Amino acid sequence: MKVTFTLNGKETKAEFAPGETLFHYLRSQEIYSVKNGCELGECGACTALVDNKAQNSCLIMMHTVEGKKIETVENLGSKNNLHHLQQKFLDEGAVQCGYCTPGMILASEALLRENKQPSTEDIRDALAGNLCRCTGYVKPIKAVSHE
Amino acid sequence: MNEKQTTNNDMKYVGKKTVRVDGLALVSGQPVFADDLQLRDMLHIKILHSPHAHAHIKSIDTSLAAQVPGVQLILTHEDFETHYYTTAGQGYPEPSSRDTRIFDSTVRYVGDRVAAVAAETLAAAEEAIEKIKVEYEILEALLDPRESLTSNIMVHEQSGLTMVHDHKRNLIAELKAELGDVEAAMEKADHVFEQEYSVPFAQQSHIEPHIAVTWMDEHNRLIIRTATQVPFHVRRIVAEVLDFPISRIRVIKPRIGGGFGSKQEILNEEVCAAVTLKTGQPARIEYTREEELFAARSRHPQILKVRMGVKNDGFIEAIDLNILENGGAYGTHSLTVMSVTANKALSFYAAPNKKLLGQAVYTNMSVPGAYRGYGAPQGFFAMEVMLDEIATELKIDPTELRHKNYIKEGDDVPIAKILGEGGEGYPMKIYTSGMADCIDEGKKLINWDELYNEEKSGRVRRGVGMIGCGQGSGIPGIDMAAAFIKMNEDASFNLLAGATDIGTGSDTMLAQIAAEVLEVPVEKIIVYSSDTDMTPFDTGAYASSTTYISGGAVKKAAEKVKQQILDMGKKLLEVDEASIKNGCVIAADGNSVTYQEICTKAFYTHEQHQIMANASHMSYDSPPPFNTTFAEIEVDTETGIVRVKKIVSVSDAGQVINPQMAEGQVEGAIPQSLGYALSEYMIFDDKGAPINTNFFDYHIHTAIDMPEIVTKFVHTDEPTGPFGAKAIAEIPINGPAPAIANAIYNACGVRLRELPITPEKILKGLGKI
C-alpha cells in the first residue's frame with residue numbers, strides 16, 4: 001500500500017504493509033525520537049503531531065495519514081538550533097531519563113499552537129496523555145508555563 | 001570511617017544548578033537509547049510465558065513453530081544444562097538464592113519463561129510462539145504467603161539450590177536479630193502497641209521497557225547493548241550462565257529510560273546473548289508493557305507485625321518487628337530487601353531494645369525484585385502508621401513524637417552492625433542529621449498546627465498526616481566504584497566512570513564533582529559512563545550509591561589529576577611552591593602557566609606523559625539521609641474517595657550536589673508512592689494470574705492526578721561524603737503512602753493498616769458498607 005504525506009516538512013511517499021502503524025513506520029525511517037512505552041495508546045512516548053494535534057503514533061494506521069502533516073521532535077529543533085520548548089525543558093530540569101521527553105515536548109507544542117497563554121490546568125490536561133515516571137510532571141509543567 | 005573531608009563553602013559547581021550533560025541529545029531526540037539502532041540480519045526474540053502458576057512441562061513440541069517462515073532458533077530447557085543462578089544482578093557472591101535456570105522444566109508462576117523464539121521479523125516470532133505445543137502437568141499452586149511455611153506444596157522441589165534457607169518449607173530466607181532485651185522492656189513499658197500491617201505487589205513502571213540488543217563484533221566478541229543498571233554484573237552473569245569468557249563480552253549501557261530497580265535484574269540479556277551466540281546473528285528482545293506487568297519484577301509484598309513498648313511520655317523503649325515477605329516464585333532480592341526493611345525501620349528510632357524475625361517465603365506468584373526504596377517503603381509504612389497510632393493514643397502531637405524518638409547526631413546505630421546486607425553489617429554512627437529541621441520545616445510548609453487540630457465535619461473532610469524516615473548511602477563494605485580521568489591539551493578532561501546513569505543525572509553530578517576539584521567549568525568535563533570495555537568497574541546504580549560511592553571515586557581521581565597538574569606546573573615554572581587558580585598554576589612570584597600549556601608541554605615537549613589518574617572508592621559508612629513527608633488530603637465520606645491536595649517532602653541529603661536534579665528526584669519519587677498508596681497494585685485471579693497488565697488498569701499518576709508538590713532540603717555537611725553529600729534517590733519514596741494513611745485518620749478517624757487504600761476500605765472504616 002502507498003500513501004503520500006508531509007513528514008517533518010518534506011513531502012514523503014511511503015510504502016507499507018497493511019496494518020502498519022505510523023509508529024513503526026517512523027522508527028523504520030530512523031526517526032527514533034518516537035519511543036515505545038506500551039503500543040496501546042496509554043503512555044504517549046510515541047507521540048507525533050498529526051495536523052498540529054498530539055497523537056499516539058502507535059494507534060495511527062499508515063493508510064490514514066494520506067495528505068496529513070506529520071511532525072516529530074526532529075522537526076522542532078536540532079542540536080545546533082534548539083526549539084524554545086526544548087531549551088525550556090533543559091533549563092527547567094524537566095528532563096530526567098528523557099524517554100518521554102520528545103512526546104511531552106510535542107504535546108506541549110500542540111497546546112501552545114492552539115493556546116498561547118495556557119493556564120496550569122490547560123498544561124496538565126495537555127500532558128495527561130504522556131506518562132512520565134521520573135519527574136512527577138512538576139518541572140515539565142513549569143517548562144511550559146514559563147512560555 | 002573514611003578520612004574526614006572538609007567542605008569548601010565557596011564552591012563553584014557543586015551545589016549549583018547545571019544543565020544535564022546528556023540533555024541536548026535527549027531533548028533533540030537523538031538515537032541514544034538501547035533500541036535506537038538497526039542492524040543487518042537482526043533476529044527478533046519473543047518469549048513463551050507459562051499460563052499456569054505451577055506445572056511440570058511434560059513435553060514441548062516446537063516442530064510447527066519451527067516451520068513458520070523466518071524462524072531461526074527456538075530455545076527451551078532441553079537446550080541447556082542444569083545450572084542455577086540468580087537474576088538479582090548483585091555483586092559476587094550474590095546474597096540472593098541461586099534457584100533459577102535460564103529455562104526450566106517446571107514453571108512456577110504465570111509468566112515464567114517456557115521457551116524463546118528468534119525470527120527474522122517480530123511477527124514471525126509472535127506467530128511461532130503461538131504454535132509451540134506444551135504439555136503441562138498442572139500442579140497445585142501456592143498463592144498465599146501465610147501458608148507457605150506449612151504448605152505441602154513445594155515451589156522448589158529440586159535439589160542443587162544454594163542460598164535458600166529451607167526449600168522444603170518454602171523458606172527463602174530467615175533473619176533473626178535482637179538488641180537489648182525486648183521482652184523485659186515490654187514488661188516495663190507503660191503501653192504496648194501491637195498491630196499488623198500489609199503492603200501489596202507494586203510495579204516500577206519505567207516507561208522504557210526492558211530492551212537488549214546483542215551482536216558479535218568484528219573480532220567475534222559478544223556485544224550486549226542493554227537497558228541495565230548493572231553493566232558489570234550483566235557481563236559476569238551472562239558469562240556464567242552461557243559459559244562464555246568475560247574477556248569476550250562487552251556490555252554497553254546507553255541512555256536508559258528509567259529503571260527504579262527493575263533494570264538491576266538480569267531479565268533477558270542471557271536469552272538474547274544465547275541467540276546471538278547460537279546463530280551468529282544480531283538479536284533483539286524487548287518486553288511489551290503487558291510482559292512488564294506480569295513477567296518482570298515488582299515490589300515485595302510484606303505482612304508486618306509490629307509491637308512497640310512505649311513510656312507515658314512517648315519514648316519508645318522496645319520495638320519488635322516480624323516480617324513475612326512474599327518472595328514469589330524465585331528468591332531474587334528476597335533476603336536483601338527484607339534485611340533493608342528491618343535495617344531501615346529499626347535504625348530510624350533510637351529505642352534501646354529491638355528484635356526482628358523476618359521470613360521470606362516462596363509462592364507461585366509474580367517475582368518481586370529491586371524497586372526504589374528496596375524494602376524501606378514497606379517497613380516505614382508499618383512503623384510510621386504505628387507511630388501515628390501511638391501519638392493518637394497518648395495524645396502527643398505526631399511531630400513531637402518523632403522529635404522525641406528519632407536517632408540523633410552522634411548516636412551509634414548498633415542495629416546496623418547486626419543487620420547488614422543479608423548478613424552481619426558494619427558499625428555505624430550518625431555523623432549528620434537534619435531531622436529536627438526536616439520536621440519543623442515540614443510543619444510550617446503544610447500549616448500543620450492549624451490543619452491537624454481543626455475540627456473535622458461535613459461530607460468532605462480535610463486531614464493532614466506526617467512521617468519521618470531514613471535510608472542509606474550505598475551498601476557499606478560492598479559497593480565499590482572506580483573512575484578514570486585524563487587531561488586534554490585544551491584543559492578539558494575525559495571522565496570515564498563505571499557509574500550507571502539510568503536517567504538519574506549521575507553523569508552530570510559526577511561532572512560537577514570533577515569540575516569542582518579541577519577548578520574548570522562543567523563543560524570541560526566530557527563524561528563517558530558504564531561500558532565494560534571502556535570504563536572501570538562500578539557495582540552499579542542501586543542502593544542510593546552513585547553520589548556517595550561513585551562520586552567519591554571521581555573526587556579522588558580528580559584530586560590525583562589536580563596534583564599532577566600542579567607538579568607539572570611547578571616543574572615548568574621551576575619553583576617548589578605554587579598554587580592553582582583560574583585554570584593556571586601560579587608561583588609566589590606571580591609567574592604562571594596555564595592548564596593548556598601544562599598539558600600541551602606534557603604531551604609534546606617536556607617530560608612527555610599523559611596527565612591521568614584513576615581511583616576506586618568504597619565505604620564502610622552508609623550515612624542515612626533523612627526525610628519528613630507531610631500530606632494534606634480530603635476524604636469524601638460518602639464515596640470514600642481520597643483526594644491528595646498537597647505533599648511536602650523535606651530532606652536532609654547532606655550537601656546537595658545539584659539542587660535542581662535533587663528536587664527532580666523527590667518530585668519523581670512522590671507520585672510512585674502516591675500510586676503505592678492509592679492506585680498501583682497488582683491484582684491476581686484465583687489461579688495466580690495477574691489481571692491488570694496494562695496502564696489503563698494499573699494506574700500510575702498522570703499530570704492531572706498530581707497534587708501540589710513542595711520539596712525542600714535542609715543542609716548538613718556529611719564528613720564521609722564527597723563535598724558533604726549523602727544520597728537522595730530513594731528516600732523520598734518512603735513517605736507519601738504512610739503520610740496519606742495518617743492524614744486519612746486525621747480527617748475521618750479511619751485507621752488503615754493495609755495498602756492500597758481504596759474507597760471501599762474507607763467506607764468500611766466509616767461503617768457505611
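Me: Is B:Asp243 buried or exposed?
Reply: This is a predicted model in which local features need pLDDT of at least 70 and side-chain atom pairs count only at pLDDT 80 or more, while totals for chains, interfaces and linings use all residues. Residues are numbered from 1 along each chain as its sequence is written, and chains are lettered from A and ligands numbered from 1 in the order in which they are written. A residue is buried if 20 or more other C-beta atoms, placed from the backbone, lie within 10 Å of its own, exposed if 12 or fewer, and partly exposed in between. Since B:Asp243 has 10 other C-beta atoms within 10 Å, it is exposed.

Me: Between which two elements of chain B is B:Asp243 found?
Reply: Helices (H or I, at least four residues) and strands (E, at least two) are DSSP runs, numbered from the N terminus. B:Asp243, a residue other than glycine, has a positive phi near 50°, and its loop is the one between helix 5 (231–242) and strand 11 (249–252) of chain B.

Me: Is A:Tyr137 buried or exposed?
Reply: A:Tyr137 also has a positive phi, of about 70°, although it is not a glycine, and it belongs to the loop between helix 5 (120–127) and helix 6 (138–145) of chain A. Because 27 C-beta neighbours lie inside 10 Å, A:Tyr137 counts as buried.

Me: How many residues of domain 1 of chain B take part in the contact with domain 3 of chain B?
Reply: An automatic or database domain assignment supplies the domain bounds, and among the domains of chain B are domain 1 (23–32 + 480–618) and domain 3 (302–422 + 434–470 + 623–765). The centres of these two, taken over C-alpha atoms, are 39 Å apart. With contact meaning that the C-beta atoms of two residues, placed from the backbone, lie within 7 Å, domain 3 of chain B gives 13 residues, and the number from domain 1 of chain B is 15.

Me: Which helices of chain B each supply at least two residues of the side of domain 1 that touches domain 3?
Reply: The contact takes 15 residues from domain 1 of chain B. Helices of chain B that each supply at least two residues of this side are helix 14 (506–518) and helix 15 (546–573).

Me: Which helix of chain B gives the most to the side of chain B that touches chain A?
Reply: The contact between the chains takes 41 residues from chain B and 45 residues from chain A. Two elements of chain B give two or more residues to its side, namely helix 1 (23–27) and helix 17 (659–678). The most, seven residues, comes from helix 17.

Me: How many of the 20 residues of helix 17 of chain B are buried?
Reply: The expected span of a helix is 1.5 Å times one less than its number of residues, and helix 17 of chain B reaches 29 Å from its first C-alpha to its last, close to the 28 Å expected. The helix is largely enclosed by the rest of the structure, because the number of its residues that are buried is 18.

Me: What is the bridge partner of B:Leu495 in strand 19 of chain B?
Reply: Strand 18 (residues 493–497) and strand 19 of chain B run parallel and are joined by five bridges. In strand 19 of chain B, the residue bridged to B:Leu495 is B:Val527.

Me: Which residues does B:Glu135 touch, not counting residues up to four places away in sequence?
Reply: B:Glu135 lies in strand 6 (residues 133–138) of chain B and is exposed, with 11 other C-beta atoms within 10 Å. Leaving out residues up to four places away in sequence, it touches B:Lys58 and B:Ser59.

Me: Which residue does a cis peptide bond join to B:Leu755?
Reply: The omega of this cis bond is about -5°.

Technical notes:
Two strands pair if DSSP finds at least two bridges between them.
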